[in-house]
Amino acid sequence: LFVPPSEADDMDHGEDDNEDDEDVAHKEEHLDEDADHGEGDEHVDEQEEKPAEPGVIYDDETQILIDEATEARTQFQAADKTLLDIQNEIRSLENKIERDYGPDEVFAPLDGECFKFTDLEYVYTMCLYGRATQSAKSGGSEVSLGQWLDWAGPDGNKYSKAKFDHGLTCWNGPARSAMLELRCGKENRLISVSEPSRCEYAMIFTTPALCDTNATGSSQHDEL
């Protein structure tokens, strides 16, 4: 189709005008969006700058009563904690009085003392009148081998052995326990730990307290 030059020029100018109009409209839309975002930012800033509401303010007389009540509560909690500590200390002393420390209380200095033995895999801890535990050298939590039960030596040699019982239950097995064998030695030392039967441990402990000939027999309470 032949179009005269003058008409073709007019058509080109019309297309250019349309493109210019579209560009202007597109820019105006962006300006409107930027303006909206700016208003939103100002709104956020206004919210952030909004001061916090003040707390409740009491009159002087009421505030004095509140302060006195708070102080009384603090003093009561401190006194209650002190009472609990005293009760625990009394209970601990009563337990010590009832414990059998052997003739002339020769084992009393060992109460609360703990001793360790390490083999290729585990670290064993034995606390006389306390508990026995096992922990892996690689780390992890302690495993209870039992709590102190009582002296367990034969007649005439009562203090040669002691029993730890009610330890952590083995998988599909009994609760762990340990038998402590005491021997005369120059120092207090845990020298051996083994597991001759599943979940039943054998420990050997040397102590100068057992070197006294009186410490191998019955306690004074038994003699009376």
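Biologist: Are Cys170 and Cys199 buried or exposed?

Modeller: Both Cys170 and Cys199 are buried in this predicted model. Buried here means under 20% relative accessible area.

Biologist: What do Cys170 and Cys199 form?

Modeller: Start with the general idea. A disulfide is a covalent bond between the sulfur atoms of two cysteines. Now the case. Cys170 and Cys199 form a disulfide, with sulfur atoms 1.7 Å apart. Cys170 lies in the loop between β5 (161–165) and β6 (177–184), and Cys199 lies in the loop between β7 (189–197) and β8 (200–207), so the pair ties together parts that are 29 residues apart in sequence.

Biologist: How many disulfides does the structure hold?

Modeller: The structure holds three disulfides. One of them joins Cys114 and Cys127, with sulfur atoms 1.9 Å apart. Cys114 sits in strand β1 (residues 114–118) and Cys127 in strand β2 (residues 122–127), so this pair ties together parts that are 13 residues apart in sequence.

Biologist: Why is the disulfide of Cys114 and Cys127 right-handed?

Modeller: Look at the torsion again. About the S-S bond of Cys114 and Cys127 it is about 105°, so this disulfide is right-handed.

Biologist: Is Cys127 buried or exposed?

Modeller: Cys127 counts as buried because its relative accessibility is 13%, and the cut-off for buried is under 20%. Its partner needs another label. Cys114 is partly exposed, with a relative accessible area of 41%. Partly exposed covers the range between buried and exposed, and exposed means over 50%.

Biologist: Where do Cys184 and Cys211 lie?

Modeller: Take the bond before the places. Cys184 and Cys211 form a disulfide, their sulfur atoms being 1.9 Å apart. Cys184 is in strand β6, while Cys211 is in the loop between β8 and α3 (220–223), so the pair ties together parts that are 27 residues apart in sequence. The torsion about their S-S bond is about 100°, so the disulfide of Cys184 and Cys211 is right-handed.

Biologist: How do I read the accessibility of Cys184?

Modeller: Compare the value with the cut-offs. At 49%, Cys184 counts as partly exposed. Cys211 is also partly exposed, at 37% relative accessibility.

Biologist: What pattern do the disulfides of the chain follow?

Modeller: Count the bonded cysteines along the chain. The pattern is then 1-2, 3-5, 4-6.

Biologist: Which elements does the chain have, and how do they run?

Modeller: The chain has three helices and eight strands. From the N terminus, the order is α-α-β-β-β-β-β-β-β-β-α.

Biologist: What share of the chain is buried?

Modeller: Of the 224 residues in the chain, 23% are buried. The chain exposes about 16300 Å², and carbon and sulfur atoms supply 51% of that area.

Biologist: How do I read contacts along the chain?

Modeller: Look at how far apart the partners are in sequence. Among contacts with a separation of 6 or more, 35% join residues 24 or more positions apart.

Biologist: Which residues make the nonpolar surface patch?

Modeller: Val56, Tyr58 and Ile66 make a nonpolar surface patch of about 280 Å². Val56 lies in the loop between α1 (5–48) and α2 (60–98).

Biologist: Why does Val56 count as exposed?

Modeller: Val56 is exposed because its relative accessible area is 66%, and the cut-off for exposed is over 50%.

Key: Residues numbered from 1 in each chain as written. Predicted model: local features only at pLDDT ≥ 70, side-chain atom pairs only at ≥ 80, totals over all residues. Heavy atoms only, no water. Patch = residues over 30% accessible without salt bridge, like charges linked within 9 Å, V, L, I, M, F, W, Y side chains within 5 Å. Areas by Shrake-Rupley, 256 points an atom, 1.4 Å probe, with all protein chains shown as cover. Salt bridge = Lys/Arg side-chain N within 4 Å of Asp/Glu carboxyl O. Helix = DSSP H or I, 4+ residues; strand = E, 2+ residues; numbered from the N terminus. Buried < 20%, exposed > 50% of the residue type's maximum accessible area, 1.4 Å probe, protein only. Contact = heavy atoms within 4.5 Å. Disulfide = S-S within 2.5 Å.
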